[in-house]
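Hi,

Here is the model I promised to pass on. Please have a look at it first, and then read my notes below.

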Amino acid sequence: MSVTDYVEQNQERFQAELFRLLEIPSVSTDPARQGEVARCAEEVAAQLRAAGLEGVEVKETGGHPLVYGQWLGAPGAPTVLIYGHYDVQPEDPVELWTSPPFVPTIRDGKVYARGATDDKGQVIAHVKAVEALMKAEGKLPVNVKFVIEGEEEIGSRNLAPFLEKNKELLKADVLVISDSAMFAPGKPSIVYGLRGLAYVQVELKGADSDLHSGVFGGAVPNPGFELCKLIAQLKDEDGRVTVPGFYDKVVDLSAQERSDYARLPFDNEEFRKELNVPGLSGEKGWTPLEQRSARPTLEINGMLCGWTGPGAKTVLPAKSMAKISCRLVPDQDPEEIARLLAEHIKKLCPPTVECEVMSLHGGKPWVTPREHPALECANRAVQTVFGEQALFVREGGSIPIVVDFQNILGLPGLLVGFGLNTENLHAPDEHFDLGNYQLGIRLSIELMRELATYKASRL
Ligand SMILES: [Zn+2]
């Protein structure tokens with residue numbers, strides 16, 4: 001029997017087995033559900049074993065367990081590490097669900113249940129792909145390792161330590177994650193870049209206490225005003241950040257990447273209307289989509305100063321504070337950018353007020369080079385299953401675990417999601433399109449076939 005026939009004929013059972021996972025309330029943040037989380041790990045492990053994976057183990061982590069399984073019967077072929085998570089968000093507010101969150105219910109070709117699209121449906125599609133290949137062909141075209149954790153929704157606290165401790169076990173050539181959405185329905189996209197972050201807090205201090213603005217105003221410096229003047233100088237007329245050295249390590253988008261961006265189905269005016277903003281701004285020379293995901297930014301996240309309650313209070317504030325963060329792109333380094341930003345702010349600050357800059361939080365940007373052969377493999381797999389080219393996308397946010405996989409295991413990665421942003425993840429009535437479940441299984445099969453042909457090239 002061909003593998004496609006096998007997937008077709010086992011469609012109902014594959015759904016039933018997904019539903020078995022969806023029935024378990026593996027809410028990782030809820031201590032009362034610890035037993036359910038553990039039970040879900042066991043069920044994931046059972047499905048890995050049934051698929052023909054070996055060395056399947058529920059591994060203790062210090063928090064919720066993680067499920068590992070592998071198949072290494074393709075000597076000489078690349079090894080694909082597949083990551084996903086079996087834990088879910090809480091179901092609250094439960095009264096807003098049309099059907100109970102842990103009773104998988106099909107409506108309109110979609111299964112409604114907490115965790116359906118995030119991430120049980122997506123990760124288990126890869127497991128079913130392994131089963132289909134093992135049953136139909138007796139082997140896989142690549143070596144495969146699965147890491148399915150139970151703490152993604154609470155920040156993956158124990159994942160990086162697990163990767164550190166198990167470098168040898170987890171050795172692989174490429175990382176595949178399906179925990180994201182397609183760019184649009186029927187438009188599978190491959191995410192190959194994420195932005196990093198540098199976050200600082202700026203505090204200016206004038207007098208020891210707030211002063212009467214009538215008695216003292218004019219002679220005594222106003223930290224609120226100085227902060228505004230200072231922040232206004234951090235970007236120029238063209239929306240470019242003025243911090244010296246800020247752009248030095250930015251790797252410019254290649255011609256290929258800019259043409260990828262141009263192909264994305266995205267309308268600036270629709271985007272503007274959807275957000276109901278009077279106009280879009282941004283860095284000159286780059287499209288809104290590029291600005292949102294492939295260019296570094298500097299934004300004010302919050303400001304505090306003086307009297308902000310109702311009515312008037314004629315006060316000359318003693319202090320002002322702003323939280324400022326930069327989204328970073330490869331190869332900007334969060335520590336270096338925080339340092340450059342702090343130095344620049346201190347230089348701009350007049351000697352009439354005291355200035356302190358604290359670094360609050362940082363994260364590295366991530367990219368798999370666009371010309372990396374694994375991306376083309378994924379593109380061919382998408383073409384086989386969907387009949388059209390994949391969309392190549394960088395995302396504006398950060399996913400720290402992807403950076404961990406790159407830093408600790410040195411793995412290039414592909415984020416190949418087959419969920420949809422409209423599937424209410426983290427919200428009531430979360431659902432997953434069962435057609436996409438089926439396509440996801442087929443895509444995983446084709447991806448393994450394609451990845452078998454590429455020569456591992458390490459980043
Ligand atoms: Zn997720």
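Which residues in H2 and H3 meet each other? Glu17, Arg20 and Leu21 in H2 meet Cys40, Glu43, Val44 and Gln47 in H3, where contact means heavy atoms within 4.5 Å.

Before the rest, some housekeeping. This is a predicted model, in which local features need pLDDT of at least 70 and side-chain atom pairs count only at pLDDT 80 or more, while totals for chains, interfaces and linings use all residues. Residues are numbered from 1 along each chain as its sequence is written, and side-chain values use heavy atoms, with hydrogens and water left out. Helices (H or I, at least four residues) and strands (E, at least two) are DSSP runs, numbered from the N terminus.

**Helix packing**

Helix H2 (residues 11–22) packs on helix H3 (residues 34–50) at an angle of about 160°, and their axes are 9 Å apart. The axes are lines fitted to C-alpha atoms, for helices over the stretch in contact, and angles run from 0 to 180 degrees between N-to-C directions. H2 and H3 are therefore roughly antiparallel to each other; angles under 35 degrees count as roughly parallel, over 145 as roughly antiparallel, 65 to 115 as roughly perpendicular and the rest as oblique.

H2 also packs with helix H4 (residues 116–137), here at about 140° and with the axes 10 Å apart. H2 and H4 are therefore oblique to each other. On the H2 side, the residues that meet H4 include Phe14, Leu18 and Leu22; among those they meet in H4 are Ala116, Gly121 and Ile124. Glu17 and Leu21 are also on the H2 list for H4, and both meet H3 as well.

His85 in strand S3 (residues 79–85) and Asp179 in the loop between strands S7 (174–177) and S8 (189–194) are 94 residues apart, a pair that links distant parts of the chain. His85 counts as buried, at 0% relative accessibility, whereas Asp179 is partly exposed at 23%. Buried means under 20% relative accessible area, exposed over 50%, partly exposed in between (1.4 Å probe, protein chains only).

**Helix H12**

In helix H12 (residues 400–409), 7 of the 10 residues are buried, so this helix is largely enclosed by the rest of the structure. Its cover includes S3, S7 and S8. Gly410 follows H12 and has a positive phi, near 65°.

**Backbone points to check**

Cis peptide bonds join Asp92 to Pro93 and Pro330 to Asp331, with omega about -5° for the Pro330 bond. Asp108 has a positive phi, near 60°, and is exposed at 72% relative accessibility.

Best wishes
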